Amino acid sequence: ATAHVTSIRLVAHTTAQLRRARGGMLSLKLSPTLAAAGRRLFSSAGQYDLCVIGGGPGGYVAAIKAAQLGLKTVCVERRGKLGGTCLNVGCIPSKSLLHNSNLFHQAQHDFANRGIKVSGLEIDLGTMMKQKEKSVDQLTKGIEMLFKANKVDYVKGHGKLSGPNSVNVSLIDGGEQAIEAKNIMLATGSDVVSLPGIELDEKTIVSSTGALSLEKVPEKLTVIGGGVIGLELGSVWSRLGSKVTVVEFLDSIGGLGIDKEVAKQFMAILKKQGIEFKMSTKVTGVERTGAGLKVNTESAQGGGAETADADVVLVCVGRREFQDNLGLADVGVEMDGRKVKIDHSYRTSVPSIFAIGDIVQGPMLAHKAEDEGALVSEFLATGKEPHLDYNTVPSVVYTHPEVAWVGKTEEQLKAEGVEYKKGKFVFGANSRAKANGEEAGFVKVLACKKTDKLLGVHIINALAGELIAEACLAIEYGAATEDLARVCHAHPTLSEALKGATQMTAFGKAVNSP
């Protein structure tokens with residue numbers, strides 16, 4: 001009996017703390033008995049605690065997290081399929097094509113070196129596309145299942161703000177639905193853009209969306225933009241047989257945030273794979289002809305006009321924040337340039353409206369949006385202030401080999417006047433890479449010269465996207481490179497290359513490198 005009374009007191013105390021932390025956001029008073037029974041915290045009938053506009057990585061994660069924490073939640077998604085750009089026409093389908101095209105490329109160019117003889121090798125593009133669509137379909141349905149399991153209401157349609165606590169939804173199946181919510185979270189993501197005068201038809205002049213669904217392998221493919229998306233999709237079609245030319249306005253590839261030394265070796269590797277590059281070059285126009293397309297270019301500084309033929313042109317020049325018909329101005333949401341203006345809690349100028357993901361400052365990455373969504377939901381449910389250090393958000397280019405980085409580049413450290421030391425370990429000296437025949441690339445570690453604090457890690461390797469996680473954790477916890485150098489890593493593994501690079505910064509030399 002004493003134990004039972006004690007447990008009731010503890011639950012009541014915890015519930016009172018929870019009410020205070022929420023600052024009165026939930027009007028429902030929860031009895032200790034219901035709390036002990038693990039009941040959900042529903043608000044008054046007809047009103048939600050949270051309405052999430054956008055069912056992409058940021059939005060659907062936010063909705064599930066909020067529901068798990070007891071908030072009555074609804075998610076509005078205009079596409080009619082959950083997962084956003086990432087799952088439907090971005091991250092996931094591109095990874096399917098990247099993986100399978102690389103298997104084909106290996107069978108063509110590498111299997112014989114490994115003692116594997118194949119003949120009669122050919123592409124069945126239709127089947128490859130079906131496998132891509134199957135993975136997308138299974139994952140989108142998986143999110144719907146998670147919504148049902150966590151009791152998240154799902155409304156299919158375009159959501160528009162109609163007040164600080166109201167959303168009007170133009171339903172996909174016709175009609176409208178009004179939603180009232182104590183808080184609203186904007187997670188509408190981003191959309192593709194083109195260059196002035198270049199109109200996308202998603203058949204021959206395509207965005208990343210069209211490039212994921214080409215009906216045949218183009219003989220000649222011109223990629224406008226040498227950033228992450230352009231290089232990934234260019235790699236796909238190059239492996240499948242296209243002659244790919246990448247036209248890049250800047251003097252290096254990889255987009256914003258990539259280390260210059262990494263970009264230089266990365267481009268050398270892609271050139272060996274057959275991709276051509278026209279650097280410091282701008283596209284002035286694309287003309288349709290009876291035989292295909294004419295791509296007009298000139299130097300980024302002007303002059304030196306050239307024309308090249310192409311069967312397909314892929315435009316990858318960035319993305320724009322999706323705020324179409326969202327009603328931001330109507331309800332008084334202030335902007336910060338093209339981004340929605342938010343405070344440290346991701347709250348907009350309208351106190352009941354929050355924003356996350358591509359429409360706010362920070363890298364336009366799915367995993368960044370996911371973390372923001374979960375953090376804001378926690379804030380709404382518990383009052384715990386959200387915090388995400390964008391310096392610890394990793395970037396990955398999923399080519400072969402992959403390129404991944406987190407933290408500072410050498411260029412950034414120099415610009416900031418930070419004294420640093422560098423450790424570089426090549427995979428040619430790593431036993432697992434040698435055994436696998438995957439020796440291209442290196443790990444580069446940057447550390448504070450005075451304190452040895454880990455500042456940045458940059459990796460080129462077939463599994464760089466997996467290897468970078470250890471570096472993310474180390475930077476997040478403020479580790480010194482000596483901390484990583486003294487951690488026992490399994491042998492033989494590729495992760496030992498990171499240990500070797502940190503041995504160089506911590507001790508001056510690595511055991512397994514000259």
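**View 1. Helices α3 and α6 make a left-handed crossing.** Left-handed here says that the near helix is turned anticlockwise from the far one by less than a right angle. This is a predicted model, in which local features need pLDDT of at least 70 and side-chain atom pairs pLDDT 80 or more, while totals for chains, interfaces and linings use all residues. Residues are numbered from 1 along each chain as its sequence is written, and side-chain values use heavy atoms, without hydrogens or water. Helix α3 spans residues 57-68 and packs against α6 at about 25°, with the axes 9 Å apart; axes are lines fitted to C-alpha atoms over the stretch in contact, and angles run from 0 to 180 degrees between N-to-C directions. The two helices are therefore roughly parallel, a term for angles under 35 degrees.

**View 2. Here is where α3 meets α6.** Y60, A63 and I64 of α3 touch I143, L146 and F147 of α6 (contact: heavy atoms within 4.5 Å). The residues of this contact are six nonpolar, no polar and no charged.

**View 3. The largest nonpolar core has 37 residues.** Such a core joins buried residues (under 20% relative accessible area, 1.4 Å probe, protein chains only) through side-chain atoms within 4.5 Å. W237, F266, F277, L314 and V403 touch the most other members. Among the elements giving two or more residues are α5 (91-109), α8 (228-239) and β20 (402-407), and α9 gives the most, six.

**View 4. F277 and its surroundings.** Beyond neighbours within four places in sequence, F277 contacts L231, V246, I253, M267, L270 and K271.

Note on methods:
Buried < 20%, exposed > 50% of the residue type's maximum accessible area, 1.4 Å probe, protein only. Helix = DSSP H or I, 4+ residues; strand = E, 2+ residues; numbered from the N terminus. Parallel < 35°, antiparallel > 145°, perpendicular 65-115°, else oblique. Nonpolar A, V, L, I, M, F, W, Y, C, P; charged D, E, K, R; others polar.
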